[in-house]
Amino acid sequence: MNQERELQQNQFEMQILGSQIQQVEQQIQMLGQQTSDLNLLAENLSELNNIEGKNDIVVPLGAGIFIEAKLKESKEILMNGGAGAMTKKSFTSARDILSKQSNDLVGLMKQMEGNLSELYKQLHQKEAALKEK
C-alpha cells in the first residue's frame, strides 16, 4: 500500500512539473515576442529619423485600422514615461531605451530557460524513479 501511495505522489509531482514547464515555455515565448516587437520598433525609429522634410505617412491606430498623416520635421518623439505622462526624447535616446529594454528581456529569457532546464531535469529524474519501481 505504501508503494502505491509513493507512486501516486510521484505521478502527481510529475503533473505539477509538466504544468510548470508549460507555463515557463509560454512565458519565454511571450518574452521572445516582446523582444521582437521592441527590435522592430527600434528599426522603425531609425527609419523615421532618416526621413527628411514633410512626408505623408500611414499611422496604425490598432486592429488593422490606419490613418494617413503628415510627418512634420521633428527630431523628437513622445514616449510614455509612466502614469500616463509623456516625455520628449530624441530618436537616439529612444533607441537606447528600447535597446536596454530588449537586453533586459533577453537576460530574463535566459534566466527562464535555465529554470526550464532545471524543471526538465527534475521531471526526467521523477520518470527514471518511476521506471525503477
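Author: Start with Asp104 and Lys100: they sit 4 residues apart in helix 2, so about one helical turn separates them. Helices here are DSSP runs of H or I with at least four residues, strands are runs of E with at least two, and both are numbered from the N terminus. This is a predicted model, where local features need pLDDT of at least 70 and side-chain atom pairs pLDDT 80 or more, while totals for chains, interfaces and linings use all residues. Residues are numbered from 1 along each chain as its sequence is written, and side-chain values use heavy atoms, leaving out hydrogens and water.

Reader: What do Asp104 and Lys100 form?
Author: Side chains of opposite charge can pair when their charged atoms come close. Asp104 and Lys100 form a salt bridge, with their closest N and O atoms 2.9 Å apart. The term means a side-chain nitrogen of Lys or Arg within 4 Å of a carboxyl oxygen of Asp or Glu.

Reader: How many salt bridges does the structure hold?
Author: It holds 3. One of them joins Lys126 and Glu13 at 2.2 Å, N to O. That pair links distant parts of the chain, with Lys126 in helix 2 and Glu13 in helix 1, 113 residues apart.

Reader: Is Lys100 buried or exposed?
Author: Buried means under 20% relative accessible area, exposed over 50%, and partly exposed in between (1.4 Å probe, protein chains only). Lys100 counts as exposed at 52%, while Asp104 is partly exposed at 45%.
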